[in-house]
Amino acid sequence: MLSADQLLDALLERAHGVTETETVSVTDALGRVLAAPQTSAITVPPLDNSAMDGYAVRAADVVVAGVRLPVSQRILAGTVGSPLQPGTAARIFTGAPVPPGANAVLMQEYCATEGESVVINKLPQPGENIRHAGEDIELGAQVLAAGTRLGAAEMGLAASVGLAELPVFRKLKVACFFTGDELVTPGAPLLPGQIYNSNRYTLTGLLNGLGCELIDLGIVPDTLEATEAALARAASLADVVITSGGVSVGEADYVKVAVEKLGRVEMWKVAMKPGKPLVYGRVNGADFIGLPGNPVSAFVTFCLFVRPFLLKRMGASDVLYRAFVVQADFAWTKPGVRREFLRAQLQANGKLALFPNQGSGVLTSCAWADGLIDLEVGQTVQAGDWVRFIPFSELLA
Ligand SMILES: Nc1nc2c(c(=O)[nH]1)N[C@H]1C(S)=C(S)[C@@H](COP(=O)(O)OP(=O)(O)OC[C@H]3O[C@@H](n4cnc5c(N)ncnc54)[C@H](O)[C@@H]3O)O[C@H]1N2
Ligand code: MOO
Ligand SMILES: [Mg+2]
């Protein structure tokens, strides 16, 4: 059986990024992966400008508090003033260019207007409240690297240097199907023995969050024929095929057999809980990932393995999650024989609480939790111990 680290390494080794690109407007770039580095054709900010509403002065003109200076001009954001005459002040507002000759801006809270003059009640420091040209971005600087996943801040950053469009990798096509004779689509009533196909909705959320193009092939019955047919169709439509269920050793578990018939299985089983029977293979040029049917197992293995794999396939460069060391507010006394990922919540006291039922079928634990505690084989925990914690902010989207 592979260790979780070996499985992740092996998956990333096999994840080849898409190469085809397209151009999107920056407003449509959320979640896309940048295909080429972007540099700035301007400095940001373009000119020295005021950080405050107040008065621009030469610091040397204000040698004692209480100096009175005539106000020689008024400079609003979007306009440009004229050089500041010695011994005068310029009324200025936040974002307005600082006039040549001025080297400080006093907040108006420290000034008093007297007719056409202003009394400066505080000694200015040279450079005070001035935002310098290029202090954010220098002319020609790289603002975004190829492989960056574009979020809200990156979209704003691109726009701040005047970019209207960005080159991005094409979306990754992911086909899914869900095996199980017991599965029913929500909206219909359950007959005895049936359950709702929750994995479809979990995976839809996860894949949409990653910005994949989802091809949902629905529920597939537990027969080899149906599984093969769905697999062949999925592999012909998508870059990556993801399924749930049917990867263990039960008599109705046909997924691995179908992959072996139509392609090849390269990895099966990972020494962790939940998620042991995960399958990776190749079918007709497509990657195949078979997630375990248990809803928590499917969710956790997607977060830990499928997400980094898909991100790399999408062309992203930063695909790994970070773990943090956090104090436990619980005891875990049963040493496991597999590495274990526990659903835990970060409490107001900064420590981690454990969901009481850590069963692989208890999806409530995932909705309740803020992340996963990563326990080594045989690791036990006493309250107050420090444990490895992977927040969902590192694993979702
Ligand atoms: N003898 C053994 N039995 C099992 C082993 C083992 O090593 N030896 N491994 C267990 C582990 S661990 C897991 S995880 C599961 C994985 O099972 P499968 O991937 O084969 O999945 P199924 O048998 O089809 O279903 C398991 C479970 O999940 C429910 N399920 C399936 N699909 C969905 C869905 N779309 N939405 C909601 N729930 C779903 C299904 O009803 C079952 O309860 O195998 C253990 N067995
Ligand atoms: O490893 Mo399974 O995923 O315990 O439920
Ligand atoms: Mg099974």
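For the shell classes below, Ala, Val, Leu, Ile, Met, Phe, Trp, Tyr, Cys and Pro count as nonpolar, Asp, Glu, Lys and Arg as charged, and the others, Gly among them, as polar. This is a predicted model, where local features need pLDDT of at least 70 and side-chain atom pairs count only at pLDDT 80 or more, while totals for chains, interfaces and linings use all residues. Residues are numbered from 1 along each chain as its sequence is written, with chains lettered from A and ligands numbered from 1 in the order written.

**View 1. The shell around ligand 1.** Here 27 residues surround the ligand (C-beta atom, placed from the backbone, within 6 Å of it). N199, G245, S248, P292 and G293 come closest. Strand 13 (173-179), helix 3 (198-210) and helix 6 (295-313) each give two or more residues; helices are DSSP runs of H or I, at least four residues, and strands runs of E, at least two, numbered from the N terminus. By class, it's nine nonpolar, 15 polar and three charged.

**View 2. The shell around ligand 2.** This one is made up of K273, P274, G275, K276, P292, N294, S297 and S360. That splits into two nonpolar, four polar and two charged residues.

**View 3. The largest nonpolar core.** A nonpolar core joins buried Ala, Val, Leu, Ile, Met, Phe, Trp, Tyr and Cys residues through C-beta atoms within 7 Å, buried meaning 20 or more other C-beta atoms within 10 Å of a residue's own, all placed from the backbone. The largest has 77 residues, and V174, V240, V241, I242, L310 and I373 make the most contacts inside it. Helix 6 is the top contributor, with twelve residues.

Methods
Buried ≥ 20, exposed ≤ 12 C-beta atoms within 10 Å, placed from the backbone.
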